[in-house]
There are 4 protein chains.
Amino acid sequence: MKNSIGNNVSITLFGESHGDAIGAVLDGIAPGITVDREFIAKQLNLRKPIGEISTPRKEADNFRILSGVFEGKTTGTPICIIIPNENTISKDYSATRFLARPGHADYTAFSKYHGFEDYRGGGHFSGRVTAAIVATGAIAISALQKKGIKIGTHISRCAGINDVEFTDLETQIDSLNNKDFAVIDDSVKEKMIENILAAKKEGDSVGGILETVITGVPVGVGEPWFDSIESMLSHALFSIPAVKGVEFGDGFAIVDKRGSSANDEFFVENGVVKSNTNNNGGINGGISNGMPIIFRSAVKPTPTIHIKQSTIDFEKNENSELLSAGRHDPCIVHRARVVVDSITAIVLCDILSTRFGTDWLAN
Amino acid sequence: MKNSIGNNVSITLFGESHGDAIGAVLDGIAPGITVDREFIAKQLNLRKPIGEISTPRKEADNFRILSGVFEGKTTGTPICIIIPNENTISKDYSATRFLARPGHADYTAFSKYHGFEDYRGGGHFSGRVTAAIVATGAIAISALQKKGIKIGTHISRCAGINDVEFTDLETQIDSLNNKDFAVIDDSVKEKMIENILAAKKEGDSVGGILETVITGVPVGVGEPWFDSIESMLSHALFSIPAVKGVEFGDGFAIVDKRGSSANDEFFVENGVVKSNTNNNGGINGGISNGMPIIFRSAVKPTPTIHIKQSTIDFEKNENSELLSAGRHDPCIVHRARVVVDSITAIVLCDILSTRFGTDWLAN
Amino acid sequence: MKNSIGNNVSITLFGESHGDAIGAVLDGIAPGITVDREFIAKQLNLRKPIGEISTPRKEADNFRILSGVFEGKTTGTPICIIIPNENTISKDYSATRFLARPGHADYTAFSKYHGFEDYRGGGHFSGRVTAAIVATGAIAISALQKKGIKIGTHISRCAGINDVEFTDLETQIDSLNNKDFAVIDDSVKEKMIENILAAKKEGDSVGGILETVITGVPVGVGEPWFDSIESMLSHALFSIPAVKGVEFGDGFAIVDKRGSSANDEFFVENGVVKSNTNNNGGINGGISNGMPIIFRSAVKPTPTIHIKQSTIDFEKNENSELLSAGRHDPCIVHRARVVVDSITAIVLCDILSTRFGTDWLAN
Amino acid sequence: MKNSIGNNVSITLFGESHGDAIGAVLDGIAPGITVDREFIAKQLNLRKPIGEISTPRKEADNFRILSGVFEGKTTGTPICIIIPNENTISKDYSATRFLARPGHADYTAFSKYHGFEDYRGGGHFSGRVTAAIVATGAIAISALQKKGIKIGTHISRCAGINDVEFTDLETQIDSLNNKDFAVIDDSVKEKMIENILAAKKEGDSVGGILETVITGVPVGVGEPWFDSIESMLSHALFSIPAVKGVEFGDGFAIVDKRGSSANDEFFVENGVVKSNTNNNGGINGGISNGMPIIFRSAVKPTPTIHIKQSTIDFEKNENSELLSAGRHDPCIVHRARVVVDSITAIVLCDILSTRFGTDWLAN
């Protein structure tokens with residue numbers, strides 16, 4: 001399916017960095033969900049570059065909802081949202097057209113598309129396309145909120161600095177969703193930014209880890225084997241450019257535990273099943289157990305840097321060098337946060353609609 | 001799709017731990033691939049429990065190929081392989097039927113299937129079902145070998161002990177694929193087993209990390225966004241019971257690098273494009289760049305332990321306790337290895353067939 | 001997807017006419033549906049050859065349910081049913097191996113699978129494989145019945161003879177489902193059989209039309225555009241060997257009506273919406289309108305005949321002649337009936353589960 | 001998948017009759033295919049209303065290609081084309097909002113979407129959406145032409161009048177593709193139009209049959225069972241509003257033949273395999289045999305008529321009457337022709353890409 005994902009609720013992406021517009025079609029979402037244009041705009045703002053730590057390319061993100069919304073609510077038919085590319089600089093690419101930017105998809109795209117790819121600014125592989133995930137994802141987030149399901153992501157590590165851990169999920173999720181640099185402990189923000197700017201000063205870039213929590217998912221959602229919650233979410237998360245690792249619950253750390261401490265012991269409290277620990281991240285056998293779903297995504301440092309790199313000219317198939325000029329982000333971790341939330345929301349709507357049917361999200 | 005995965009080459013799983021048989025249907029594989037029954041048996045052997053460090057349940061794994069193979073070769077039509085369950089102990093489950101084994105899918109399966117699930121031995125959620133992945137995956141591995149594509153996995157960490165890193169991929173892959181406890185440096189095996197047995201002695205279990213390398217994948221394979229190689233592989237890998245984390249290339253470690261060291265600089269050597277490092281695990285923008293594809297899967301400690309645990313009776317919705325008797329593995333990392341190889345091979349056949357068409361694997 | 005169909009309830013087929021077994025995996029069906037082995041056997045009997053008008057190959061159809069059924073009910077996990085091939089005659093195919101039987105898939109299969117196909121008795125293309133549709137479809141039929149949804153098919157035309165039209169749906173459907181030669185007016189049966197035998201006597205074969213009615217489908221089921229009820233059903237129906245036409249409601253006859261008589265005018269009767277006519281076959285815009293769903297499938301005459309035919313030797317790529325010996329059916333219309341019912345039931349379970357969620361069928 | 005179809009080449013539809021724009025995303029098409037804007041415009045013109053026999057709503061169909069085309073060629077990434085709705089009349093729908101137009105999807109859409117559907121002008125169910133199929137389909141048609149594959153459709157019957165049959169496929173296909181009222185024998189056009197106008201005069205409408213021929217499809221394309229060419233094409237064809245029947249080759253007429261005349265006898269001529277007749281429409285066992293693929297689609301008379309009809313008010317659930325005003329087509333058969341060609345081309349690109357890989361269409 002290439003640029004589509006989802007069984008019952010699906011998203012299809014299109015667009016290139018320097019084309020007319022990027023966009024997405026969100027299909028299968030329940031009818032009757034309120035579509036709040038201001039909320040979409042707010043979500044898009046969370047993805048926008050901020051201040052010194054981001055690219056100077058500022059896009060207005062004047063999204064247009066072409067279909068699927070009527071009188072302020074979803075109709076149940078496909079929602080197409082497009083976002084024009086307005087701040088493209090039509091620079092001359094001829095000098096670097098065939099130079100593979102290390103860490104980017106230039107060489108692989110050329111190999112796959114035989115040179116017909118739109119190479120300007122990364123083309124279809126540009127992080128720019130994620131704006132369409134955010135715009136449509138905002139509707140999925142709204143749908144989930146109505147059912148008491150919340151998604152929150154914080155920058156648990158960035159440029160070598162850790163944020164604190166979640167202590168009070170509900171409150172902290174709400175708080176995070178209003179921050180453009182999503183850390184639980186705002187005092188670490190300054191250190192992270194300091195390190196980002198230090199890298200930037202050297203023409204370099206940094207990465208980080210995004211930790212996501214979902215609360216309110218009913219027990220018994222997800223499928224065995226290939227449509228496990230982990231499978232469905234990781235499939236989507238690894239589609240986000242720069243994500244190189246995904247782990248649920250304790251993730252890689254669980255391997256050094258013994259079963260006796262890795263297992264989450266269940267108990268009943270006021271009639272509700274919970275577990276003492278949540279090392280499995282709210283998922284057993286691929287299916288939700290009622291505890292918060294927790295996962296982390298590793299975001300690599302932005303590949304575009306202003307430092308001379310060895311590389312190849314893939315047309316001539318010979319060695320070359322590259323010093324990128326142009327606009328770039330020394331860090332995209334904070335911007336990727338809302339992309340993670342958005343695609344997570346879409347996948348979750350899919351999983352829930354599969355389990356409970358089309359209308360559940362709107363009832 | 002629940003128990004199926006794949007677009008052009010797909011696998012569908014079925015079966016329960018204590019049912020008649022488990023099995024799989026592998027569809028879309030090219031016609032004309034030699035099906036070596038001994039190789040399938042060998043692969044199934046690699047999944048079998050070994051010695052003291054595994055469950056005493058020994059299954060003969062007398063697989064039957066019901067379809068799709070004719071005169072020793074694939075026909076191009078669906079291959080169904082079933083493996084009878086022969087060594088099931090029909091013990092009395094009535095005492096523990098409604099006790100949720102921590103770390104297992106008992107409670108979530110009950111919630112999802114309303115008590116109609118076959119709960120004996122984990123039912124459809126049992127690791128036993130992975131034998132069907134191994135049997136069909138053997139055919140996918142054979143197909144890839146013919147095209148010069150090799151897959152090798154080692155236990156890079158187990159019970160707190162690390163294996164060495166790959167130095168000579170081709171040789172080490174071949175060597176690993178003949179070991180029933182797949183470490184590169186055999187001297188670490190003893191320490192790992194020692195630690196496994198120490199845990200076993202206490203009724204406990206351990207986990208580990210499997211590191212997989214794929215060589216020989218052509219440049220330009222994979223799709224942008226949702227069918228990225230990372231997305232496709234992680235989807236499948238997270239379907240394997242006990243996998244809680246997947247990372248490509250440097251994975252989570254890449255977040256502490258700067259772009260200048262995380263980027264893999266390309267060069268041409270004897271006309272072939274390579275990179276100095278392989279922090280991106282052979283994948284840029286979701287598409288293969290010709291370098292080895294590298295990923296790691298975190299395998300949690302086996303949830304079944306012989307230590308008393310707090311839990312719930314989910315029928316009565318009240319607190320309870322559980323002390324598992326029965327057979328169990330103190331470690332499944334070494335057994336999961338061939339499952340990872342097998343599902344990786346199937347997904348890779350799918351990705352390659354999408355790019356090059358049905359017949360490519362057999363030509 | 002090749003040998004699989006369905007989004008939320010899916011079936012995957014496997015097997016060849018002269019292999020070990022044919023079978024199917026039915027996935028996604030709700031847990032808790034009673035699986036009646038006698039009903040499955042009864043349905044398989046409806047597909048069996050009868051008397052003089054069918055092939056002398058009599059298969060016992062000793063089906064085995066390998067998975068997904070526990071204590072007599074569906075578990076919600078994949079149901080694999082296999083049916084051994086027991087009455088295969090291992091004749092020598094060497095004389096006719098490369099002769100394309102006209103109307104059969106010999107030449108196309110050879111072209112597609114490069115000669116690796118199991119050619120014996122039509123291999124994977126054999127109508128024999130439909131037994132697996134019938135066995136799994138019986139479970140889907142049971143699920144639907146519980147929700148008050150009935151499917152009935154009659155031979156509306158065979159060997160040039162018409163059956164009467166439906167007058168009392170509920171009663172006639174029940175009656176048809178107990179007949180091995182499904183005509184509403186039993187008096188036409190004799191004439192049909194007479195004509196079938198006349199053709200048989202000349203080594204020839206005949207075809208016919210199957211008309212299917214579904215009652216009890218709730219209003220508002222189906223999807224716009226590509227998952228319209230017509231699209232979903234026709235996709236499955238055209239998979240049945242020998243089906244060359246599918247029409248809904250008035251079908252091809254509607255083209256000669258004017259809109260004023262083709263439109264079905266709605267009215268309310270005792271609070272229930274109905275229409276005066278049902279030219280649209282219970283479907284508007286791809287979605288059920290509460291009236292019976294009606295469609296017809298054209299079944300071509302069995303291609304195997306005992307008359308000499310011109311053809312090619314596709315290995316030598318030269319002209320040749322063929323006189324089939326072997327067992328064959330002078331008519332398969334009556335046997336195809338239960339295949340139509342079965343695949344219809346499976347597709348309908350899929351459509352309903354998409355709309356109402358996994359559990360709806362079992363509640 | 002709802003509004004998407006296709007495995008390797010897919011189309012996703014969106015939009016409503018009176019919304020901002022309708023459009024489609026075509027994904028998976030090979031890179032390097034020339035995109036001729038004039039050809040797209042020409043194809044859209046073939047769908048436009050013509051003269052007296054069509055609706056007076058004239059849309060400029062000023063399509064915009066938002067993505068996937070670069071320097072005049074396909075890039076290999078998703079192509080989004082949108083077509084603004086410019087000639088919508090914002091009439092007051094309050095009087096008829098809840099009156100079900102017989103033959104339309106008003107009542108079924110209301111039932112499915114609980115009243116949240118955009119009901120204006122049929123909303124998402126409007127034939128207007130097919131313009132997006134035509135615009136993207138034009139690219140698929142161009143791709144096929146490059147490979148020597150041609151698609152042609154004629155109005156084989158309309159308003160009770162028959163066109164002649166194909167005699168010289170290649171020439172007639174080319175000729176048809178330049179006609180806005182596609183009949184082989186232009187002398188029947190006048191009679192058809194006369195009958196259309198006669199119906200129009202009475203406020204009524206007429207239907208017809210479209211017969212499609214595809215030449216140049218290689219042997220061995222298509223899949224057994226559920227992805228048979230018939231299954232794939234019928235799935236798409238039945239998505240076109242007003243199509244109520246689809247038949248291949250001889251279709252329903254084949255049921256009255258005997259096997260000896262229904263079978264197409266093969267022969268070799270100049271090394272090429274052909275058949276004496278083509279009753280199977282170029283398809284055996286779901287797979288192409290090298291003969292032209294032939295099928296017919298039954299198009300019902302336009303449901304919108306200017307005659308008073310009985311119906312229901314579905315909000316009040318009571319009987320009512322309806323006399324449609326507004327613009328309408330007394331016949332859409334001639335306009336549906338290019339929609340059939342377009343969706344056929346897209347499905348065929350999918351089938352071919354599955355068989356031969358992504359790039360085949362562009363090589």
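This section describes the sheets, the helix packing and the chain contacts of a predicted model.

In chain D, five strands form an open sheet; their order is 1-2-3-7-4, and the pairing is antiparallel. Strand 1 (4-5) and strand 4 (64-65) of chain D are its edge strands, and each of them pairs on one side only. Within the sheet, 6 bridges connect strand 3 (residues 21-27) of chain D with strand 7 (residues 79-84) of chain D, the two being paired in the antiparallel sense. In this pairing, Val25(D) lies opposite Cys80(D) of strand 7 of chain D. Helix 3 (residues 130-146) of chain D is packed on the sheet, where it touches strand 2 (10-15), strand 3 and strand 7 of chain D. The direction of helix 3 of chain D makes about 35° with that of strand 3 of chain D.

Helix 3 of chain D is also in contact with helix 1 (residues 37-47) of chain D: the two axes come within 9 Å and cross at roughly 135°. Helix 1 of chain D is therefore oblique to helix 3 of chain D, and the crossing of the two is right-handed. From helix 1 of chain D, the contact draws on Phe39(D), Ile40(D), Gln43(D), Leu44(D) and Arg47(D). Helix 3 of chain D contributes Thr130(D), Ala131(D), Val134(D), Ala135(D), Ala138(D) and Ser142(D). By class, the residues of this helix contact comprise 7 nonpolar, 3 polar and 1 charged.

Chain C likewise contains an open sheet of 5 strands, with the order 1-2-3-7-4 and antiparallel pairing. Strand 1 (4-5) and strand 4 (64-65) of chain C stand at the edges; each has a single partner strand, so one side of each is left without a neighbour in the sheet. Strand 1 of chain C runs antiparallel to strand 2 of chain C, to which 2 bridges join it. Ile5(C) is placed opposite Ile11(C) of strand 2 of chain C.

Turning to the relation between the copies, chain D is superposed on chain C by a rotation of 180° with 0.0 Å of shift along the axis, at an RMSD of 0.0 Å. The two copies are thus related as by a two-fold rotation axis. Of the interface residues of chain D, 100% are also interface residues in chain C, so the copies meet through the same surface. The contact involves 88 residues of chain D and 88 residues of chain C. On the side of chain D that touches chain C, 35 residues are nonpolar, 36 are polar and 17 are charged. Strand pairing also links the two chains: strand 11 (residues 243-248) of chain C and strand 11 (residues 243-248) of chain D are joined in the antiparallel sense by 3 bridges. Here Val246(C) stands opposite Val246(D) of strand 11 of chain D.

A further contact is formed between chain C and chain B, with 39 residues taken from each of these chains. On the chain C side, strand 2 (10-15), strand 3 (21-27), strand 6 (73-74), strand 7 (79-84) and helix 2 (106-113) each supply at least two residues. Strand 2 of chain C provides the largest share of that side, with 5 residues. The side of chain C that touches chain B consists of 13 nonpolar, 17 polar and 9 charged residues.

Notes
Residues are numbered from 1 along each chain as its sequence is written. Chains are lettered from A and ligands numbered from 1 in the order in which they are written. This is a predicted model: local features need pLDDT of at least 70, side-chain atom pairs count only at pLDDT 80 or more; totals for chains, interfaces and linings use all residues. Two strands pair if DSSP finds at least two bridges between them. Helices (H or I, at least four residues) and strands (E, at least two) are DSSP runs, numbered from the N terminus. Two residues are in contact if their C-beta atoms, placed from the backbone, lie within 7 Å. Axes are lines fitted to C-alpha atoms, for helices over the stretch in contact, and angles run from 0 to 180 degrees between N-to-C directions. Ala, Val, Leu, Ile, Met, Phe, Trp, Tyr, Cys and Pro count as nonpolar, Asp, Glu, Lys and Arg as charged, and the others, Gly among them, as polar. Copies are superposed by least squares on the C-alpha atoms of residues with pLDDT of at least 70 in both. Angles under 35 degrees count as roughly parallel, over 145 as roughly antiparallel, 65 to 115 as roughly perpendicular and the rest as oblique. A crossing is left-handed if the near helix is turned anticlockwise from the far one by less than a right angle, and right-handed if clockwise.
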